[in-house]
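Q: I would like to learn how to read a protein model. Where do we begin?

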There are 2 protein chains.
Amino acid sequence: MDIYERIKCKDLLDVVLPPTEVVKKHIPRKGTIACSGMAQMSTPKVVPIFLAKYVEETGEEFKLNIYTSGSAAPELDGVLARVNAINRRYVYQNNPIVREKINRGITHYYDIWLGEFPRQLKYGFLNDVCGPIDVAIIEAVSIREDGFIIPSLSLDNIPLYMQLAKKVIIELNTAKPENLEGIHDVYSPQPGTPIPIVRVNQRIGVPYVPCDPKKIVAIVPSEALEKEIFYGKPTVIEEKIVDNLFNFLLDEVKKGKISKSLYPLQTGIGPIGDTVAAKLIDSDFTDLEIWTEVAQAGYLDALDSDKVKSLSTSVFMIPPEDKKHGERFLENLAEYKKSIVLRPLEITNNSELITRLNLIAMNQAIEIDIYGNVNMTHVLGSSVVNGVGGSGEFARSSYLSIFLLSSTARDNKISRIVPMTPHVDVTDHDVDVIVTEHGWADLRGLSPRERAKEIIEKCSSPEYKDELWKYFNEACRKVGGHIPHILSKAFSFHERLIETGSMK
Amino acid sequence: MDIYERIKCKDLLDVVLPPTEVVKKHIPRKGTIACSGMAQMSTPKVVPIFLAKYVEETGEEFKLNIYTSGSAAPELDGVLARVNAINRRYVYQNNPIVREKINRGITHYYDIWLGEFPRQLKYGFLNDVCGPIDVAIIEAVSIREDGFIIPSLSLDNIPLYMQLAKKVIIELNTAKPENLEGIHDVYSPQPGTPIPIVRVNQRIGVPYVPCDPKKIVAIVPSEALEKEIFYGKPTVIEEKIVDNLFNFLLDEVKKGKISKSLYPLQTGIGPIGDTVAAKLIDSDFTDLEIWTEVAQAGYLDALDSDKVKSLSTSVFMIPPEDKKHGERFLENLAEYKKSIVLRPLEITNNSELITRLNLIAMNQAIEIDIYGNVNMTHVLGSSVVNGVGGSGEFARSSYLSIFLLSSTARDNKISRIVPMTPHVDVTDHDVDVIVTEHGWADLRGLSPRERAKEIIEKCSSPEYKDELWKYFNEACRKVGGHIPHILSKAFSFHERLIETGSMK
């Protein structure tokens, strides 16, 4: 389809520009650029590549602060990091080149909750460090007559970025479906005003992103689709983790604590998240609702089966290679617009709504200590892997906070249940239940010493259980206290790993 | 005044009973007892003393789970812990005898956020561990004709405890003013329903605690007033901390980030909290509002000076020895009922409202690490001091999260800025600004390495600055990573303290 047909606001036809010109004219050498996209979806994939080329060809120095709302596609993160153009990278990343530069202290990384970041931006908290947003680069599928934008299947922080940026560049993607208007719900919270959402699929805002057309300095044609994101099929262990999760939840239903419809679920992506979405379909639960920041195409099956009746998310992830879901989504788009709502992160991750809707939060961890503290981000306390995402926002304000992980990693060389985590993202106070392939530890109402027994007994690997008991018993005997720890041995598992390559 | 005049519901006159009889008839040997009060105010102070006497005299074994909403007076915690009657002590304590038993692993302690606790109770999360609430013992100042209760100046979890308990015992305190009806606002959040509060002093509920009169099995006369709580006058250092806090906030006003009315302040008690309340009066701020869990009598001066225009809290702390404020409060009670609202913790600490009202949260810490992680509760990682209170609820969902502490303790033998905290209550993600007597570190938008420089340079004591720099530089050089740490030396300050009695 012709790009001009997608620009209904005819005043904007003049700013359709080739990316080389956009780079020269509108990208500052030093400054802050906010880009659409998260979960590697809806990242601008043309301007950044031309920018990187320009840097390579001219040798000019670029020192940019790159904002996204979550992980960016390699067409942004990878190419710009490779040419050393990224000074600061806010707010979440999972790109190997960016990660390496962060861990070397070259790129500054601000790893903050996904819902807190737009709030901080809105109140000018980052101005002292980053200055205002010079340019927003936003992937869109069409521009309305009034100049307002219809984004692709990620709403993330697009409305705020377009509002705050001095200039806006649109990457108009004609390879993506045009008729997405009506799936987004754009609304920004104001202090002192209740957010009027009381149902998961309720719409309270407008179906487009408002923007002063004068700010749109360029429209760049794009036909770039996301590259395949392959994180592997779920393993037997991951299947078991999800089975245990479901058994725990069914137990809650049996005990009469909650109905079979549960409360709205906050779920994630990756093999475990995909397995949750898939297994819900044949589960005993009914009339489920999903309220999350990232949802995957698999939920279309759950919606079609009537097992899930509504879904609210910031990004709906249908990778281009998943033709089955992609086609079905387009065929039934009008229907899906009734059950699926894409919201800005200011809404999906808002504590007001997480509290009110009484979410069941399910997050994953790198490691958890015997008292229930969670490390989601850092290996050996120092090296960041990805980032916290919105996990802590959900864990803190939800009805129930569940953490999922396998008991070991790297062929059992690593125990993911450890005496003390050398990095804490979510404290024991916000962890209700831990699920591994061995079972679940229900920590609600338990003192730390009771939690340790529950976690070691129910969740740890048989290969590490004795060592964990040994640490705990020795700490109780030699040090005591409310949370017994021997400081000189608290990281013994990690130090052994550094020395020998294994925690054993 | 005669106790019978305060019981307007004449059916209840029959259950006025002496405490000895109440203990024999209504206190189970094993079970869960929920008591009114927090910040040592409004604790039942008669039945627990007679219970302790009974235990001592008969030698019978009592194994009780004692719930309060915050710290209890020694007439509850001290006397029952001394006779070993406390099996579990939920949710916050600051009693030396209880603390000692917790740290010896004798008493189980569930140190969870003050607003999360009632939510967990409401949803039956503690039933598996503690069973239902057998008895609620509630201090009240009068009983209405309909049998509904007017509590004293703490509303804490009283409404929920009375709703959930199988039996209710009222300690009717005739030494406290009777005419408090109208200062409380009783409302309980329901999932899916917005809490309609949009102003700090807005009333949305009823001015009494509803209770089925049939559940009230006993009314015990009480004339017990709280013992003096003395935590010392603010030191020069504490005064400096508050001056730095105010200078930081004024700076925000100057930068145009916020108006002179700020947003509602969440403040605490103790010397620093008292100094904040006192210094607000002569500050440049105007039309302030306070939204907190515990507020002190000093705020009456701020209200009278029109500097503070409204105040919402769960307990309003006027100790009996503070006759000046006590008398003024009673004289102008009708006026104060317009500006002061006492709310249940389900409301004061509710993330929905903390977010919506855009609070400025100010909390205190035992120690903070160079990357901004906060330990509020545990000495050397193991021994609990008090508890987390609602700190993390405010820090997580507020507009701005500030932590206040002196840079050293115990004659400079302890640095409260350390390489790594061996216990984390609030993670760096929820810490915006740290204030000590030396200055403030504004961490917003900074990467961990930048945060370390800011914290060491602006907040640490000159006596420890070099050592902190040494650790940080060595960690950057030898380990690197996003958050450089040398695991074998991360607790070197603490281990030195254990070995030599000083971190130096």
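A: We begin with a definition: a residue is called buried when its relative accessible area is under 20%. The model shown here is predicted. Of the 504 residues of chain A, 67% count as buried.

Q: How many helices and strands does chain A have?
A: Chain A has 18 helices and 25 strands.

Q: What radius of gyration would a compact globule of 504 residues have, and what does chain A have?
A: A compact globule with 504 residues would have a radius of gyration near 23 Å. Chain A has 23 Å, which agrees with that expectation. Along its principal axes, the C-alpha trace of chain A spans about 75 × 50 × 45 Å.

Q: What part of the contacts in chain A joins residues 24 or more positions apart?
A: Contact means heavy atoms within 4.5 Å. Among the contacts in chain A with a separation of 6 or more, 73% are between residues 24 or more positions apart.

Q: What can be said about the surface and the charges of chain A?
A: Chain A exposes about 16600 Å², and carbon and sulfur atoms supply 51% of this area. Chain A has 59 positive and 68 negative charges, and their mean positions are 3 Å apart.

Q: Now single residues. Is Glu293(A) buried or exposed?
A: Glu293(A) counts as buried because its relative accessibility is 12%, and the limit for buried is under 20%. Glu293(A) is in the loop between strand E10 (288–291) and strand E11 (294–296) of chain A.

Q: Which polar contacts does the side chain of Glu293(A) make?
A: The side chain of Glu293(A) makes a polar contact with the side chain of Asn349(A) at 2.8 Å. The side chain of Glu293(A) also reaches the backbone nitrogen of Gly390(A) at 3.3 Å. Leaving out residues up to four places away in sequence, Glu293(A) touches several others, including Met38(A), Leu114(A), Asn349(A), Gly390(A) and Phe394(A).

Q: Where is His325(A), and what does its side chain contact?
A: His325(A) lies in helix H11 (residues 323–331) of chain A. Its side chain makes a polar contact with the side chain of Asp301(A) at 3.0 Å. His325(A) is buried, with a relative accessible area of 7%. Not counting residues up to four places away in sequence, His325(A) touches Ala297(A), Gly298(A), Leu300(A), Asp301(A) and Ile318(A).

Q: Which residues is Ser398(B) in contact with, leaving aside its neighbours within four places in sequence?
A: Ser398(B) is in contact with Glu116(A) and Arg119(A) in chain A, and with Ile354(B), Leu359(B) and Ala361(B) in chain B. Ser398(B) sits in the loop between helix H15 (391–397) and strand E20 (400–404) of chain B. At 1% relative accessibility, Ser398(B) is buried. Its side chain reaches two backbone oxygens: that of Ala395(B) at 3.5 Å and that of Leu400(B) at 3.2 Å.

Q: One of those contacts was Leu359(B). Where is Leu359(B) found?
A: Leu359(B) is in the loop between helix H14 (351–356) and strand E15 (360–364) of chain B. Its relative accessibility is 0%, so Leu359(B) counts as buried. With residues up to four places away in sequence left out, Leu359(B) touches, among others, Pro264(B), Trp291(B), Phe394(B) and Ser398(B). The C-alpha atoms of Leu359(B) and Glu289(B) are separated by 9.6 Å, while the two residues are 70 residues apart along the chain.

Conventions: Residues numbered from 1 in each chain as written. Chains lettered and ligands numbered in written order. Predicted model: local features only at pLDDT ≥ 70, side-chain atom pairs only at ≥ 80, totals over all residues. Heavy atoms only, no water. Helix = DSSP H or I, 4+ residues; strand = E, 2+ residues; numbered from the N terminus. Buried < 20%, exposed > 50% of the residue type's maximum accessible area, 1.4 Å probe, protein only. Polar contact = N/O pair within 3.5 Å; in protein donor to acceptor, adjacent residues only side chain to side chain. Rg over C-alpha atoms; globule rule 2.2 N^0.38 Å. Areas by Shrake-Rupley, 256 points an atom, 1.4 Å probe, with all protein chains shown as cover. Lys, Arg positive; Asp, Glu negative; His and termini not counted. Charge placed at Lys NZ, Arg CZ, Asp CG, Glu CD.
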